Number of protein chains: 2
Amino acid sequence: MNGDTLVQSRPATRSGASWNFGAGPSRLPDAVLARAGDSLLRRAADGMAAIERPFAGTTFREILAAARERLARLLGVPDHYRVLFLAGGATHQFSAVPMNLLDPSSGLRRAAFADSGYWSRRALAEASRYAETTVIARHAGDTPLAVPPLGEWTLPPDTAYCHITANETADGVAWPAWPETGPVPLVADASSCLLSAPMDVSRFGLVYASAQKNIGPSGLTIVIVREDLLHRPASMAPLPFQYRLQAAEESCANTPPMLAVHLAALVFEWIEACGGLTAMAATNMRKASLLYRAIDESGGFYVAPVEPGHRSMTNARFHLGQACLTERFLDEAEAAGVMHLRGHRQLGGVRASLYNAMPEAGVEALVGFMADFAEQHR
Amino acid sequence: MNGDTLVQSRPATRSGASWNFGAGPSRLPDAVLARAGDSLLRRAADGMAAIERPFAGTTFREILAAARERLARLLGVPDHYRVLFLAGGATHQFSAVPMNLLDPSSGLRRAAFADSGYWSRRALAEASRYAETTVIARHAGDTPLAVPPLGEWTLPPDTAYCHITANETADGVAWPAWPETGPVPLVADASSCLLSAPMDVSRFGLVYASAQKNIGPSGLTIVIVREDLLHRPASMAPLPFQYRLQAAEESCANTPPMLAVHLAALVFEWIEACGGLTAMAATNMRKASLLYRAIDESGGFYVAPVEPGHRSMTNARFHLGQACLTERFLDEAEAAGVMHLRGHRQLGGVRASLYNAMPEAGVEALVGFMADFAEQHR
């Protein structure tokens, strides 16, 4: 029986619904999707839809300011930080961060990295094109996977910043606590975890996150930066990458990705209406626990390679004890409506992304499918 | 009588409709706006809306490939060019172009610029941060405005490329013909004119255009680049700026701005259904002629500062003979439903942007208002 036949013959999930477990772009909250058409695409009495308005006009500026304030409120961003809405994805920040934070004339020519997996190595590779780099911490062992040891990190005196990947989207590894870096600003790529739970921004010099996980559509990245870091020269940074300029121009030094900003604004409203980040975290914890328990209690049919305390709440990674069943598992999952479970192409296996907009019913459908599949193939 | 009172008391346009003459983001075609909700935001049978799908999945890849092919067909892009869909706006390309096209190790360390107005100077200022620059041509006189003289341009032997702004969005100036640059690749910022009329891409080494004029929403820029230019080293370019990489990865070296790509795809379909770029040009010519005639025949009440042969078809700039009436004109225009006519903040006066999606009825409303206003205040 080939994959196509399987796809035809399998029923949908028990509930009949379909769920996208892809790593991003991700599901939008139902309430946001329901409002988006009217909010973005319907022409108002003055003949203009939101996406047709000038970016310098009061309507868009008010939406942008409200989104910025709501995000700051949700996260409790301290007053001495600035929130920027920039075009592009986290990959743009892999170069923008060193371009903005290095300051060779003050002796700050080095970027330190903790190597916790695929995306921290991607960020490191890009920074190496602009900076001296040091890998300051790396997990020693192979399995179970974990973030590097947290102990005292001794950073070279020319270190401009220390970068961590707060949640490794591909590896499924998350930091159980933040490292101490003394006076060196800690920078976090929080793409796949920002807004999934409270985050103490004051522990960081800079936090960035692409939108297509918990925030909205692709094409937008949030940067939260401590004001004192805006005084570094950024002499090589392309104009739209310059944090100081974008902060001064309220993210409008050039035309911002307005449609994505509009959608992000709706998502922030939804999170607030749901009870904020504490409520998000509670739901996300229940979803992750349900899935990891199904893995751990499968008697080795499913295996999670990450050490329990370091498991990502948003990107749960596992593989099948019998690796030869993986393709069949993925095919049947698609047909059963639990979709896009294939692991990152560099790592293989299975990955279920459980971002904010994934309801508990989706995770119940997934563990239901996993139980059925295990029973059939054990 | 103050501005607010005027705003309250004026009627809308004769037709009752309102029209956005802003320089961008601009109006979307009615047919595109009508389809956008269903195309982008409605969940399909598999439970996913277009904006929720993985960017690496077949659905999005097919939409992207179809958009690329349709754009290439509309413009008649030769086979030895590549079409890229990149995040951000034209401002990103102000640095991406020198970062990709300079090749110091082959002696190509210079960028030549024709200074035709505000945006060519912005592009020049940004390129000067990465390249030796030369202004190769500049319009000598003050008024009437025009593009620089076309005659033979002698480019220094270390010139990597020569940059023109095909249509000056702020100054309202357009090139009546393209300059000859011999073996040096000609590069055009065509943000405000691409797809408003046919364009012979084979005359250029590279053409770029931000989307928020004739293509769709902000956050997306089209780059059309001749393949031989992809072999230059781009050693300083941030990864998502690297043309060779993005060409190899079909614009998906990192997550692209999917929502904007979806909308652009709908706009390309609309242009094709309308009869393509020849049809666009015919309509745009009628719209521009109607407006410029109203200006030229106003007996000096309205004045167009640009030489007739160099007037932009998409961004018509003019001022009032009695400059003291400008604010009143702009206030009453807003109230009358002909909106966002204020000239660029650096240049003042009035500007009407007549992109593809502005119907002739909008321009008729504008010239009707202008006639009424002139009659009242002459």
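**Close-up views of a predicted two-chain model**

**View 1. Strand 14 of chain A, covered on both faces.** In this predicted model, strand 14 (residues 350–353) of chain A has A:Val350 and A:Ala352 buried on one side and A:Arg351 and A:Ser353 buried on the other. Buried denotes under 20% relative accessible area, exposed over 50%, and partly exposed the range in between (1.4 Å probe, protein chains only). In a regular strand the side chains alternate between the two faces of the sheet. Strand 12 (residues 315–320) of chain A runs antiparallel to strand 14 of chain A and is joined to it by four bridges; A:Phe318 stands opposite A:Val350. Strands (E, at least two residues) and helices (H or I, at least four) are DSSP runs numbered from the N terminus, and two strands pair if DSSP finds at least two bridges between them.

**View 2. Strand 2 of chain A and its pairing with strand 10 of chain A.** Six of the seven residues of strand 2 (residues 81–87) of chain A are buried. Seven bridges link this strand to strand 10 (residues 220–226) of chain A in the antiparallel sense, with A:Phe85 opposite A:Ile222.

**View 3. Buried residues of helix 5 of chain B.** Within helix 5 (residues 118–127) of chain B, the buried residues are B:Tyr118, B:Ser120, B:Ala123, B:Leu124, B:Glu126 and B:Ala127. They pack against several elements of chain B, among them helix 4 (90–101), strand 3 (110–115) and strand 4 (132–138).

**View 4. The interface of chain A and chain B.** Each chain contributes to the contact (heavy atoms within 4.5 Å), with 57 residues from chain A and 57 residues from chain B. The buried area, which is the accessible area (1.4 Å probe) that two parts lose on being put together, summed over both, is about 4,300 Å², and carbon and sulfur atoms give 62% of it.

**View 5. A salt bridge between A:Asp30 and B:Arg43.** The closest N and O atoms of this pair are 2.7 Å apart. A salt bridge places a side-chain nitrogen of Lys or Arg within 4 Å of a carboxyl oxygen of Asp or Glu; two are counted between the chains. Helix 2 of chain A supplies five residues, the largest share of the side of chain A that touches chain B.

**Conventions.** Residues are numbered from 1 along each chain as its sequence is written, and chains are lettered from A and ligands numbered from 1 in the order in which they are written. Local features need pLDDT of at least 70, side-chain atom pairs count only at pLDDT 80 or more, and totals for chains, interfaces and linings use all residues, while side-chain values use heavy atoms, with hydrogens and water left out.
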